[in-house]
Amino acid sequence: APVKVTKICCIGAGYVGGPTCAVIALKCPHIQVTIVDLNKARVDAWNSPDFKLPIYEPGLVEVVREARGRNLFFSTDVDKGIEEANLIFVSVNTPTKKSGVGAGFAADLNYVEAATRRIANVATSSKIVVEKSTVPCRTAESMRTILEANSKPGCRFDILSNPEFLAEGTAISDLFKPDRVLIGSLQTPGGRDACQSLAAVYANWVPKEQILTVGLWSSELSKLAANAMLAQRISSINALSAICEATGANIDEVANAIGYDSRIGPKFLKASVGFGGSCFQKDILNLVYLSESLHLPEVAAYWRQVVEMNEHQKRRFAKRVVDTMFSTITGKRIAVLGFAFKADTGDTRESAAITLIRDFQSEKAYVNVYDPQVEDEQIWQDLQEASPLVPLDQIKKQVTICPSAMEACMNAEAVVIATEWKEFLDIDWEQVYKRMNKPAFVFDGRLLIDAERLRKIGFQVTTIGRPN
Ligand code: UDX
Ligand code: UDX
Ligand code: ADP
């Protein structure tokens with residue numbers, strides 16, 4: 001029979017583990033939830049008395065404020081967390097491998113394996129182990145092998161796959177009202193029981209018909225597939241934006257017309273400077289790697305093209321900036337508004353802004369950056385990683401981090417909108433115009449601003465998916 005989950009441990013207090021388990025604690029006051037992480041600074045931030053949490057997510061502070069100390073705990077004591085719990089989420093990072101077999105494509109499963117081995121070594125009672133991080137298909141199988149090979153007598157491990165579909169910036173509302181919860185298990189009596197145990201946790205706030213239970217491999221593949229299909233929509237609309245720019249069609253009108261088809265639907269059709277985030281590129285590359293290992297090169301090439309289109313979109317946008325500014329930006333000052341990969345997050349992983357700034361740097365432009373949430377340290381780290389051969393003090397000579405959008409725009413020749421932060425809508429563009437060198441250019445990489453209004457002020461405006 002399914003065991004009743006009373007104590008949950010979540011290994012990994014990052015963008016996925018933190019918000020997910022905080023919401024579980026909020027919605028299930030009868031369950032003790034402990035989130036553990038090896039990174040002490042991160043745990044300290046989660047525990048900070050003034051709620052200066054390590055990640056920015058609208059609504060997250062309120063959730064932590066209510067549950068922390070009640071039934072939600074953050075700790076660096078990984079072993080104690082494992083030992084006490086009867087259900088363990090593994091939410092550690094799974095970055096793309098940087099070297100070795102599958103470098104640049106395959107997921108680095110080091111962290112998953114280390115966490116799994118820890119569970120096997122420490123546990124003295126049976127556990128349900130849930131893979132939460134997005135992982136390549138069949139990872140659950142590897143986890144099972146590791147656990148079974150190292151378990152103590154009398155300890156039973158059931159592995160579930162329960163991929164997380166939250167998007168950053170809307171994590172809390174996504175968790176409160178998920179489109180669906182997906183749980184994969186072995187189709188054995190034990191596997192199904194474990195699945196029911198976890199389903200009962202979600203049933204505290206998610207309608208039963210939205211809790212889908214499937215096989216382990218379907219669950220793992222569904223996560224990769226969902227992200228690949230979402231990213232594919234963006235690459236499709238971005239590919240069309242290039243045609244619009246060349247023909248005079250308007251991408252907003254095209255997207256609207258397409259989206260009215262109920263078979264297509266209106267969401268995720270916003271042309272942009274390119275998608276970023278920790279998931280899309282990583283998961284597609286995973287799918288590419290999987291396809292290749294299954295000897296399906298055409299399938300691999302098909303999905304790879306989604307990522308290539310995204311790279312093309314970023315390069316194309318940077319080139320358009322240069323072309324529009326009389327084919328040179330050498331010595332010119334460019335204000336880049338937004339550094340995060342999307343609005344309402346401080347996360348910069350794979351952000352298009354990184355690539356844009358790197359391209360502006362190599363054209364020898366000066367860059368002013370402003371983002372309302374990203375820490376300065378993060379910006380320097382990302383720019384350094386993007387240009388490993390350029391010394392940091394050289395980068396710092398070319399790039400200035402500014403405390404406001406207005407200051408970033410001061411004396412600039414061009415403003416580039418890289419992230420769709422709402423506050424950029426409220427910029428006093430008349431003031432900006434006065435303070436910029438003329439002609440004053442605006443490049444909207446997010447279809448955010450009212451181009452006509454800015455043109456009336458005097459700006460030369462370039463938008464994605466429309467001819468100049
Ligand atoms: C299509 C468009 O749907 C329609 O809007 C346009 O005006 C003309 O082209 P049609 O080709 O008549 O219409 O049929 P459709 O239902 O779109 O199916 C096209 C093909 O896709 C068929 O072979 C169908 O079997 C296949 N299909 C459709 C699938 O294989 N899977 C699906 O999920 C849907
Ligand atoms: C994504 C998936 O949405 C989520 O379900 C999964 O769990 C993790 O990956 P996330 O990366 O946090 O979430 O954000 P998302 O809103 O999907 O945006 C990803 C990127 O696509 C951003 O850079 C965003 O700006 C871009 N995007 C999104 C577009 O360019 N156009 C769109 O229409 C939508
Ligand atoms: P995601 O976006 O997938 O949540 P993050 O990088 O934000 O990824 O979070 C993953 C977290 O997992 C990090 O804070 C990292 O320190 C933690 N972590 C990685 N390996 C282990 C481990 N073996 N034990 C405990 N925590 C771990």
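1. Gly104 counts as exposed because it has 11 C-beta neighbours inside 10 Å, where exposed stands for 12 or fewer other C-beta atoms within 10 Å of a residue's own, buried for 20 or more, and partly exposed for what lies in between, with C-beta atoms placed from the backbone. Gly104 is found in the loop between β4 (87-90) and α5, helices (H or I, at least four residues) and strands (E, at least two) being DSSP runs numbered from the N terminus. Although Gly104 and Tyr289 are 185 residues apart along the chain, their C-alpha atoms are separated by 9.4 Å.

2. This is a predicted model, in which local features need pLDDT of at least 70 and side-chain atom pairs count only at pLDDT 80 or more, while totals for chains, interfaces and linings use all residues. Residues are numbered from 1 along each chain as its sequence is written, and chains are lettered from A and ligands numbered from 1 in the order in which they are written.

3. Around ligand 3 there are 22 residues, of which Gly12, Gly14, Tyr15, Val16 and Asn93 come nearest; a residue is near a molecule if its C-beta atom, placed from the backbone, lies within 6 Å of it. Helix α5 (residues 110-122) supplies the largest share of this shell, four residues. By type, the shell holds 11 nonpolar, eight polar and three charged residues, with Ala, Val, Leu, Ile, Met, Phe, Trp, Tyr, Cys and Pro taken as nonpolar, Asp, Glu, Lys and Arg as charged, and the others, Gly among them, as polar.

4. The chain is assigned domain 1 (7-206) and domain 2 (308-463), with bounds that come from an automatic or database domain assignment. The centres of domain 1 and domain 2, taken over C-alpha atoms, are separated by 36 Å. Seven residues of domain 1 are in contact with seven residues of domain 2, contact being C-beta atoms, placed from the backbone, within 7 Å.

5. The largest nonpolar core has 78 residues, and Ile334, Leu356 and Ala418 are among those with the most contacts inside it; such a core is a set of buried Ala, Val, Leu, Ile, Met, Phe, Trp, Tyr and Cys residues joined through C-beta atoms within 7 Å. Helix α12 (residues 297-324) gives the most to this core, with eight residues. Residues touched by Ala418, leaving aside those up to four places away in sequence, include Val273, Val336, Phe339 and Gly445. A second, separate core of 61 residues includes Leu26, Leu72, Leu182 and Cys195.

Terms used
Two residues are in contact if their C-beta atoms, placed from the backbone, lie within 7 Å.
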